[in-house]
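Open the model in your viewer and keep the selection panel at hand. We will go from stop to stop, picking residues as we go.

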Amino acid sequence: MKIVFFSMTGQTRRFVKKLDLPAYEIEPANPFFEIKEPFVLAVPTYDQEIMDVVYDFLDHEQNASLLKGIIGSGNRNFAELFVYAAKQLAKDYQAPLLHAIEFSGTVEDVDTIKKVVNELES
């Protein structure tokens, strides 16, 4: 299964590379890409204005209907705002929040996500 991700600082990109799975990065300059296959979305936590690019991607063509779940990344120091963007997207698109990682994730996070993705593919 493909991992679609958005990364401003590179933290989410670094995590996705650790997964060694097919991936597509949402480009802020042109988020209107049709994915055409089921995917898991990985997003950092930013305010709504910055996340609009992700909403544009999901609202393009049939992308939202292929969303199987969301991975959120963030900083636990932000307490209730930890992975807020992923939680909001999960609510808005009726998709499960599959996992939350801090910064660019750990080896355990990689193992967990690979297992979850395998289960989604079954």
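A salt bridge here is a side-chain nitrogen of Lys or Arg within 4 Å of a carboxyl oxygen of Asp or Glu. Keep in mind that this is a predicted model.

**Stop 1: the salt bridges**

How many salt bridges does a search of the whole structure find? The search finds three.

Select Lys2 and Glu37. Their closest N and O atoms are 3.6 Å apart, and the pair forms a salt bridge. Lys2 sits in strand β1 and Glu37 in the loop between β2 and β3, so the bridge ties together parts that are 35 residues apart in sequence. Colour by accessibility if you can. Lys2 is buried, with a relative accessible area of 19%. Glu37 is partly exposed, at 32%.

Next, select Glu25 and Arg13. Their side chains meet in a salt bridge, 2.7 Å from N to O. This pair links distant parts of the chain: Glu25 belongs to strand β2 and Arg13 to helix α1, twelve residues apart. Is Glu25 buried or exposed? Glu25 is buried, with a relative accessible area of 19%. Arg13 is partly exposed, at 27%.

Now pick Glu102 and Arg76. They form a salt bridge in which the closest N and O atoms are 3.9 Å apart. Glu102 lies in strand β5 (residues 97–102) and Arg76 in the loop between β4 and α3, so this bridge joins parts that are 26 residues apart in sequence. Both ends are partly exposed: Glu102 has a relative accessible area of 27%, and Arg76 has 48%.

**Stop 2: Phe6**

Go to the loop between β1 and α1 (11–19) and select Phe6. Phe6 is buried, with a relative accessible area of 1%. Show what surrounds this side chain. Leaving out residues up to four places away in sequence, Phe6 touches Thr12, Ile26, Pro28, Ala42, Val43, Pro44, Tyr46, Ile50, Met51, Val53 and Val54.

**Stop 3: helix α2**

Select residues 48–59, which make up helix α2. Which residues of α2 are buried? They are Met51, Val53, Val54, Tyr55, Phe57 and Leu58. Of these, Met51, Val53 and Val54 are also among the contacts of Phe6.

Then show the cover. Included in what covers the buried residues of α2 are β1 (2–5), β2 (23–25), β3 (39–43), β4 (67–74) and α3.

Step past the end of the helix to Glu61. This residue follows α2 and has a positive phi, near 50°.

**Stop 4: α1 against α4**

Show α1 together with helix α4 (residues 107–121). The two pack at an angle of about 65°, with their axes 9 Å apart. The crossing of α1 past α4 is right-handed.

Which residues of α1 meet α4? Select Phe15, Lys18 and Leu19 in α1. Across from them in α4 are Asp109, Val110, Ile113 and Lys114.

**Stop 5: a nonpolar patch**

Select Phe78, Leu81 and Tyr84, which make a nonpolar patch of about 320 Å². Tyr84 is found in helix α3 (residues 84–92). Tyr84 is partly exposed, with a relative accessible area of 40%.

Technical notes: Residues numbered from 1 in each chain as written. Predicted model: local features only at pLDDT ≥ 70, side-chain atom pairs only at ≥ 80, totals over all residues. Heavy atoms only, no water. Patch = residues over 30% accessible without salt bridge, like charges linked within 9 Å, V, L, I, M, F, W, Y side chains within 5 Å. Areas by Shrake-Rupley, 256 points an atom, 1.4 Å probe, with all protein chains shown as cover. Helix = DSSP H or I, 4+ residues; strand = E, 2+ residues; numbered from the N terminus. Buried < 20%, exposed > 50% of the residue type's maximum accessible area, 1.4 Å probe, protein only. Contact = heavy atoms within 4.5 Å. Axes fitted to C-alpha atoms, helices over the stretch in contact; angles between N-to-C directions. Left-handed = near helix turned anticlockwise from the far one by under 90°.
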